[in-house]
Amino acid sequence: MRDTTTKSGAQVLVDCLVSAGIDTVFGVPGEETTALMEALSASDIEFVLCRNEQGAAYMASVHGRLAGTPGVCLATLGPGATNLVTGVADAQLDHVPLIAITGQGGRGRLGRMSHQMIDLEALFAPVTKLSRTLLVADDIPASFAEAMRLAQVGRPGAVHLCLPEDVAAAECNTSPLPVREPPQTRAGQDDLQTLADRLAAAERPVLVAGAGVVRDGAAEAVRMFAETTHIPVATTFMAKGILPSEHSQTLFSVGQNEEDWVDLALQAADLILLVGFDAVEYAPLGLTRGKDVPVCVIDTDPPRADTGLVIAAEAVGDIGHALTDIRLRLKGQTWASVSAFDAARDGMRLALERRLTQDDTGPIAPSDICRVVTKSLRVEDTVLSGVGMHKLWIARHVQPQRAGQLIVPNGLAGMGLALPGALAAARLQEEGRVLAICGDGDVMMNVQEMETITRLGARVTVMVWVDGGLGLIDAHQGKDGPNFPFGNPMWDRLASAFGWTHADVRGLGDLPDLLNAALSAEGPTLVTVPVAYDAAGHMPAKAAPILGNHSAG
């Protein structure tokens, strides 16, 4: 008689997920995950069937960004697992908590030449904090607990667990281990005082806030620090929204390929304070531009030693606590306005309001599209950017109203995240609308997930900037280099085929009304917009040509 107290390895792994508070798994099943799928079906975890494993991993990555707890994705062995890698690497480089689970052939096939068998532990090792094959069913709780810990501790990231099918079927007498919350550490008193002293001695400090500020829930602490000290704040793409665009201390965002207004401020700074800054967000030496300017760091993890920066002082621990502590140690000290800082701020504000599109019909300058998007946003909305030329314009010109409202993938910067990621965002959204902004090259990378969005009834709007080419690559190639034009689908038929509503924007004149209607629609909508990158000098920069009407428009 079978011992009814035993469970299969697959059931134990699902019990671990449930015990850790995981309520959703994104994935594509396969033969080698049959036992795992049966266990998931018997649990309260919702399995979101995706149309490609890359889409599943991107969904899990966006879930992790917004929920702050690990997103989970699932694939079978072989091509299922290899399809998963790009989205897992995205989470790892953007420091997003994610758990990837792959099926695998039985242990007797490991290391042998066998159908669909590759070393998945080795495959995922370079793009995760932990990649482990679960060789013994009784070890599943311990391995899962360590994976869960690593996914969230310090700078979060991706972990991978590989479950051979015979281990999934094996019976065992084991239970989930308690999931411990990541410890909250605080910077040492001596480090805080040293950093406060270095800051107090500076005349023209600039604070650069990165994605770690959003992850650590320290946006309000940064705002209070800026308002109390009058030190100006620039953000990376991934940290936009920490200060609103109208804030007196904002310097907007860093990270453009070309020299931008914020670079005036960085060049004038005599100290740069990096707060929650990840080296993958922007080349660290780009902040100092070769100058011998002191750099101080506040972060949850020690700064890497291979960035090229010379760190004058660092405070490692809870970001919000460190900022509050240093603010108190400064004892009310404030910094006077600097002309270069004011010029950077004023120049960027003019750039945001300047209309570059000449006519109300026809292709639209990217900055004008972004201004319409900004004006249409409500505080409860969420915006995701794809990757390509359009991302640079969104990162510069779309102005969120809160930290975390705008998701700009900038570590791996893989094309194809925005459309599937919008589904994950919509599932977490209690109010408001999710807007994914894609290029026409970017959107086709995971266009199949339009069916998933329809099937789940998600309230999503996908805006596609249409120019029929790889704009960022073309800009780098130059007018005399090879360009790569391509054809596009009939957008109205594509939308109809997936059960979406389509809005065809003919120009700047009808963009506001069509976008607002799309953001209010009950079902998923596809908005196609003709974009004219050449009307704005292709890539964002401090100076851009001005065409036609110069008003705010």
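**Close-up views of a predicted model**

**View 1. The loop that holds Ala-413.** Ala-413 lies in the loop between strand E16 (406-407) and helix H17 (418-428); helices (H or I, at least four residues) and strands (E, at least two) are DSSP runs, numbered from the N terminus. The phi angle of Ala-413 is near 55°, a positive value in a residue other than glycine. Ala-413 is partly exposed, with a relative accessible area of 26%; buried means under 20%, exposed over 50%, and partly exposed in between (1.4 Å probe, protein chains only). The model is predicted: local features need pLDDT of at least 70, side-chain atom pairs count only at pLDDT 80 or more, and totals for chains, interfaces and linings use all residues. Residues are numbered from 1 along each chain as its sequence is written, and side-chain values use heavy atoms, with hydrogens and water left out.

**View 2. The loop that holds His-95.** His-95 is placed in the loop between helix H4 (79-93) and E5. Its phi is near 55°, again positive in a residue other than glycine. His-95 is buried, at a relative accessible area of 17%.

**View 3. Strand E7 and its two faces.** Seven of the seven residues of E7 (residues 158-164) are buried. Ala-158, His-160, Cys-162 and Pro-164 point one way, whereas Val-159, Leu-161 and Leu-163 point the other way. In a regular strand the side chains alternate between the two faces of the sheet.

**View 4. The partners of E7.** Strand E5 (residues 98-104) runs parallel to E7 and is joined to it by seven bridges; two strands pair if DSSP finds at least two bridges between them. Leu-98 has Ala-158 as its bridge partner in E7. Strand E6 (residues 130-133) also pairs with E7 in the parallel sense, over four bridges.
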